[in-house]
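Me: I have a structure open and would like to learn how to read its features. Could you walk me through a few of them?

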Amino acid sequence: MEQLRKIPSKLSECFSVFLKEVWREAHKKMLNGDILGPGEMMNLYFSSITINCLAESVFRFSINVDKFSALMLDEMVKRRIFCFSEDDFKHFILSQWEVLPCVIRRFLGASLEVDEIFASFMQCLCFKDFFPSVLSSTLQGLTSCLPIDSDEIDIVNFLKEARNKLGCPLINEQDIRVLRTDNQLKQEVRFFQENVESCCIKAPQILCVDDILKCQEAYNEGYTIALRGMEFRFERISLIADGLASIFGQPSAGANMYLTPPNSQGLSCHYDDHCVFVCQVFGSKQWKIFSQPNMQLPRLYDPCNIQNDEGVDNSSANCYHFLLNQGDVLYIPRGFAHEAWTNTTDGSAGFSLHLTLGIEVEPPFEWEGFMHVALFCWNHTQHQHNLSLKSLSGILDVMSVKLLHIVIGLIGDSDPTFRKACLVAAASAQKDTNSWLNLCQKTIFSNLIDKISIESRFSEALKCVEVAIHKNEDPFERIRWLRNLEQERESVEECDWDEDIFPLYVENKEKAERVLMEVKSKFCSEVSYEDVSVEYKKLHEKYNKVRKQYMNGMLSLHDV
């Protein structure tokens, strides 16, 4: 990857243009099955070069291109989505964010600059009266966006794992879902039957041209076309997603598109493990949002299935009803069950197109993650010289820090604030250290330090470690992302519980608990918000960099 950067920019640009031209032709032939070889699923060839190698070359030449100009991003996206002043945005963060759903109506006096954000996206879809009829041709130009590990900070690792599948056409259920909700059964019905091999393991279903043409048929029969990863397929959407991520201090944000025919419902009642902004691009849609059953926010990757409305309060007094029209934005916090449908009784065009922009809070960027970073950074400053693990005192000191990470995790499982998104890396907080947002983050940090200070949980934490060791599991798997803070750390921090150390720790349980309390007290009194913020933003930048590289690479594969 470093060698590519040494190629003169003009030469690199010319070669990239040439590769994309070859890719366009290969992509068309791949969809038509003209270069599908025997054997493996992705054993595809164009001339003497595999389609995967060609896709990887296009991807590699594009990852370091700066597509994110300063012309829009956070401020313009903030004006377009929220349509109000900084004071109103402050009210949203303090009163609505991760707390209550709300709708932001499109105001008539929007500037052309703000209006342009979605306009170019609409134009590239041959929008309005023509869009549903050109659905198939739009889908034929798309490529599968293979998943990247949530804690991956090296794009080369992704390419090594994905190179045999890169450039693959759309994959059913991964990239695209074609579904409707049966109004009587209240269950989702899939248009495409998923492939099931003889061993009962589901195989990826790659959509060929015939399948894509059937999407138009499915739409006409009342099925919603749900397309994931829009930020990787359309440059304008990637700019919006990047701006939104910047507003809320996250490395990235996602974007899905939902095209729903008249008088139909796509997804059944469900809730998400991430906050969403529903942007009504065209038509209208009726939304019903149910009250949250508890104060605990779901975490990313938590199961979000709702069976037969289980746990959903259907009483009208505990529901929100919103009719979204073109230009409106609906905010739904994570954990709030919801459903939506179209109808023709409101005088609309019948069909609906909306984008769902998702703020996915990865574990490092929750407040619990910030507190783990705080402990990691504080502990790193304590080791000016190596502690000896040959002595009991050295073992107790080192292992007490590790156990304190477990304690923080246990508090995070029960305390709602630890699960909330940390906005320390938000654009407005970084621009002015004395801004209301930054001061708010400092206050939250102080409150969480106080909670850690008064919590004990020694026995509970020790039990967690014991259970993990008994199951032959890593008790610190949950915070493995801390390794991304530094590539090289002092050897003392690499020590783990083992068959010798853990029994010794348990044998000296009372003394170990005293040492843990001392370490915790010292940490809570000495840790500095400013110092932690510096390291936290470095971690944020590492995640942000690889996700922009991934986004650039995927966008290049969609330039067909």
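Reply: Happy to! Let's begin with contact, which here means heavy atoms within 4.5 Å. Keep in mind as we go that this is a predicted model.

Me: Good. Which residues of α10 meet which residues of α19?

Reply: On the α10 side they are E235, S238 and D242, and on the α19 side N544, K548, M551 and L555.

Me: How are α10 and α19 oriented to each other?

Reply: The general idea is to take the angle between the N-to-C directions of the helices, and an angle over 145 degrees counts as roughly antiparallel. In this structure, α10 (residues 235–247) and α19 pack at about 165°, and their axes are 11 Å apart. The pair is therefore roughly antiparallel. As for handedness, α10 crosses α19 in a right-handed way.

Me: Where is H558, and is it buried or exposed?

Reply: H558 sits in the segment after α19, a helix that spans 529–557. For burial, the cut-off is under 20% relative accessible area. H558 has 10% relative accessibility, so it counts as buried.

Me: What does H558 touch?

Reply: Leaving aside residues up to four places away in sequence, H558 touches G141, L142, T143, C145, F232 and R233. With R233 there is also a polar contact, side chain to side chain, at 3.1 Å.

Me: What about P293: buried or exposed?

Reply: Here the cut-off to apply is the one for exposed, over 50%. P293 has a relative accessible area of 59%, so it is exposed. You will find P293 in the loop between β9 (285–290) and β10 (319–324).

Me: Last topic, backbone angles. Which residues other than glycine have a positive phi?

Reply: Two examples to look up are E173 and R457. E173 has a phi near 75°, and R457 has one of about 60°. E173 is in the loop between α8 (155–162) and β4 (176–182), whereas R457 is in the loop between α15 (436–454) and α16 (458–470).

Me: And is E173 buried or exposed?

Reply: E173 has 18% relative accessibility, so it counts as buried.

Notes
Residues are numbered from 1 along each chain as its sequence is written. This is a predicted model: local features need pLDDT of at least 70, side-chain atom pairs count only at pLDDT 80 or more; totals for chains, interfaces and linings use all residues. Side-chain values use heavy atoms; hydrogens and water are left out. Helices (H or I, at least four residues) and strands (E, at least two) are DSSP runs, numbered from the N terminus. Buried means under 20% relative accessible area, exposed over 50%, partly exposed in between (1.4 Å probe, protein chains only). A polar contact is a pair of N or O atoms within 3.5 Å; within protein, one must be able to donate a hydrogen and the other to accept it, and residues adjacent in sequence count only if both atoms are side-chain atoms. Axes are lines fitted to C-alpha atoms, for helices over the stretch in contact, and angles run from 0 to 180 degrees between N-to-C directions. Angles under 35 degrees count as roughly parallel, over 145 as roughly antiparallel, 65 to 115 as roughly perpendicular and the rest as oblique. A crossing is left-handed if the near helix is turned anticlockwise from the far one by less than a right angle, and right-handed if clockwise.
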